[in-house]
Amino acid sequence: MRKYIYFDEISSTNDYIKENYNNLFDLDIVVAKHQTKGRGRLSRDWFDNSNSILLSMLIKPERDILIQLIPLVASAAVYKFLKKYVEDVKIKWPNDLLLNGKKIAGILVEAKYLTKLEYVVIGIGINLNDERFVSEIENKATSLFKVTKQKYDSTEMYEGLSDALRNEYMLFCNNQSDFLSVNRLNSAVINKDVLLEVDNKLKNVKVLDILDDGTILVNIDSQNKSFSSGEITLNKNYIEKE
Ligand code: BT5
């Protein structure tokens, strides 16, 4: 298996896989030093200044998989990878990793269905050696360097993350991944009061749990209700009431 396909510069590693999936194989990984059109969810920007890990993995599933679990599988892989270097890593359901309360990594999962599920792309951005960020994210982003004051070798980090992601996904396929408990035990939001965006309105809710189907269980308007990530976003400036 190829370790990964590398680009110095590309529009987006997710877009590269989506445009070339016919010529790529299951578990192929594409990495780039810099993206000119890095994307988050809902067409938001993903910024980088050539100091981060920008990586996407292609999945060509042989049978249908519960797609809403994939961001949680990826979160668990990134969590385990980051824990080798730093302590206070938290997972903000469904796709952000926080370090000391600031965002160090984001995950973008995209899928294509024709008559069946054709492919899934897992895109991961992790801030590595960044000393500063563009003003849009300066107050809410952090990097491994900012926290540990050490610089990291990008090749080693790409390989480590690729191994962690492939490994977690293969465990998941064999029903052996502990991704749900990793997400629950290290959640930044369970038992917290947060602002939830539902139907374009912000609601104050308490997060109770992450359910086995990957949805989040919240207490909203005095009722318990579960939401999938497609339906809601936890507000990016969510308020924590300790
Ligand atoms: C994400 O979206 O967090 C998913 C990011 C996925 C990026 C990877 S990089 C490899 C692959 N190729 C791509 O084109 N994308 C994937 P979301 O939850 O929508 O968060 C986006 C928001 O995070 C932005 O609106 C900013 O507020 C913030 N943000 C942008 N760049 C950031 C960074 N480098 N560090 C921390 N926060 C950032």
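Which residue caps the N-terminal end of α1? The legends below, which describe a predicted model, begin with that helix.

**View 1. The N-terminal cap and the buried residues of helix α1.** Ser-12 caps the N-terminal end of α1, with a side-chain oxygen 3.2 Å from the backbone nitrogen of Asn-14. Within α1, the residues Thr-13, Asn-14, Asp-15 and Ile-17 are buried. The packing partners of the buried α1 residues are the strands β1 (5-10), β2 (29-35), β3, β6 and β7.

**View 2. Polar side chains at the ligand.** A polar side-chain atom of Thr-13 is 3.2 Å from a ligand nitrogen. For Gln-35, a polar side-chain atom lies 2.9 Å from a nitrogen atom of the ligand. In the side chain of Asn-127, an N or O atom is 2.8 Å from a nitrogen atom of the ligand. The ligand taken alone exposes 800 Å², of which the protein buries 95%. Two or more residues of the shell around the ligand come from each of α1 (13-20), β3 (52-59), β6 and β7.

**View 3. Composition of the ligand shell.** The ligand is surrounded by 28 residues, and the closest are Ser-12, Arg-39, Arg-44, Lys-103 and Asn-127. By class, the shell comprises nine nonpolar, twelve polar and seven charged residues. Ser-12, one of the closest residues to the ligand, is also the residue that caps the N-terminal end of α1.

View 4. Strand β4 (residues 89-92) pairs with β5 in the antiparallel sense over four bridges. Val-89 stands opposite Leu-99 of β5, and a hairpin of three residues joins β4 to β5. Strand β5 (residues 96-99) in turn runs antiparallel to strand β6 (residues 102-113), to which four bridges join it. Leu-97 faces Ala-105 of β6 across this pairing. Two residues separate β5 from β6 in their hairpin, and Asn-100 in the turn has a positive phi of about 50 degrees. Nine bridges connect β6 with strand β7 (residues 117-127), again in the antiparallel sense. Here Ala-111 has Val-120 in β7 as its bridge partner, and the hairpin from β6 to β7 passes through three residues.

**View 5. The hairpin of strands β8 and β9.** Strand β8 (residues 193-198) is paired with strand β9 (residues 201-210) through six bridges, in the antiparallel sense. The bridge partner of Val-198 is Lys-201 in β9. Two residues lie between the strands of this hairpin, and Asp-199 in the turn has a positive phi of about 50 degrees.

View 6. Glu-168 belongs to helix α4 (residues 154-173). Glu-168 counts as buried because its relative accessibility is 2%, and the cut-off for a buried residue is under 20%. The side chains of Glu-168 and Ser-177 are joined by a polar contact of 2.6 Å. Leaving aside residues up to four places away in sequence, Glu-168 touches Val-73, Ala-76, Ala-77, Lys-80, Ser-177, Asp-178 and Phe-179.

How values were computed. Residues numbered from 1 in each chain as written. Predicted model: local features only at pLDDT ≥ 70, side-chain atom pairs only at ≥ 80, totals over all residues. Heavy atoms only, no water. Pairing = 2+ DSSP bridges. Buried < 20%, exposed > 50% of the residue type's maximum accessible area, 1.4 Å probe, protein only. Polar contact = N/O pair within 3.5 Å; in protein donor to acceptor, adjacent residues only side chain to side chain. Contact = heavy atoms within 4.5 Å. Near = heavy atom within 4 Å. Areas by Shrake-Rupley, 256 points an atom, 1.4 Å probe, with all protein chains shown as cover. Nonpolar A, V, L, I, M, F, W, Y, C, P; charged D, E, K, R; others polar.
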